[in-house]
Amino acid sequence: MLTRRAKSTSLLLILVAGALGVLSSTQTWLIVARADGGEALDVAGNAALPVLAPLSLTALALGAALALVGPVMRRIIAGIAVVVGGLLLVLTARVLLLQPLDAVGPALTKVTGLAGDAALKGLVDGITVTAWPWVALASWLLLLAGGALALFTAGRWRSGGRRYRTTPVPHEGPVDAVESWDELSRGTDPTR
């Protein structure tokens, strides 16, 4: 019972984290007040952190794959989930806490046509952080927890593909045409 709960909990945590990451990549993370008197600029999560959407989709794929593979691959996939979660946690914390110019630079360059740190630094009057980076940060903690739980309990999960395995049925006596087709359907060669 505990193993089944660990499996469902870790899969749920990983999938929720990936979904929240994808959602937050489309939302406004930073609002840039401009010193040149221009209109404030909204910077989406995927602009502030370009790897956000691809790695969030990776988390979703890892969760789906984790449900289907055997014990060895489960541990490998769970380890990858932990690495992806840790990487996203560090990158999101950097944007959230340091508010680096490179997080808003491409969006500013697109609007103003100016490039380079010196030119862009003069344009930025202030950067306001919305709630979405915090949501993303919390989701990476969920991804780390789900990956770690899967990593430590994956060896005890039940195998998912048992119902699709076939075992050869021993047959005695002559085989007629119908029984030959039935054996082919079961995956055995009736000519042997």
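# Exercises on helix H4

Gly-85 is found in helix H4, where helices (H or I, at least four residues) and strands (E, at least two) are DSSP runs numbered from the N terminus. The model is predicted: local features need pLDDT of at least 70, side-chain atom pairs count only at pLDDT 80 or more, and totals for chains, interfaces and linings use all residues. Residues are numbered from 1 along each chain as its sequence is written, and side-chain values use heavy atoms, with hydrogens and water left out.

**Exercise 1.** Determine whether Gly-85 is buried or exposed, and list its contacts beyond four places in sequence.

*Solution.* Buried means under 20% relative accessible area, exposed over 50%, and partly exposed in between (1.4 Å probe, protein chains only). Gly-85 has 0% relative accessibility and therefore counts as buried. Next, contact means heavy atoms within 4.5 Å. With neighbours within four places in sequence left aside, Gly-85 is in contact with Trp-140, Leu-143 and Leu-144. Finally, the C-alpha atoms of Gly-85 and Ala-17 lie 9.0 Å apart, although 68 residues separate the two in sequence.

**Exercise 2.** Describe how H3 packs against H4.

*Solution.* Axes are lines fitted to C-alpha atoms, for helices over the stretch in contact, and angles run from 0 to 180 degrees between N-to-C directions. Helix H3 (residues 52–66) and H4 pack at an angle of about 155°, with axes 10 Å apart. H3 is therefore roughly antiparallel to H4, given that angles under 35 degrees count as roughly parallel, over 145 as roughly antiparallel, 65 to 115 as roughly perpendicular and the rest as oblique. On the H3 side, the residues that meet H4 include Leu-52, Leu-55 and Leu-62; on the H4 side, those that meet H3 include Ile-77, Ala-81 and Val-84. The residues of this contact divide into 12 nonpolar, one polar and one charged. Here Ala, Val, Leu, Ile, Met, Phe, Trp, Tyr, Cys and Pro count as nonpolar, Asp, Glu, Lys and Arg as charged, and the others, Gly among them, as polar.
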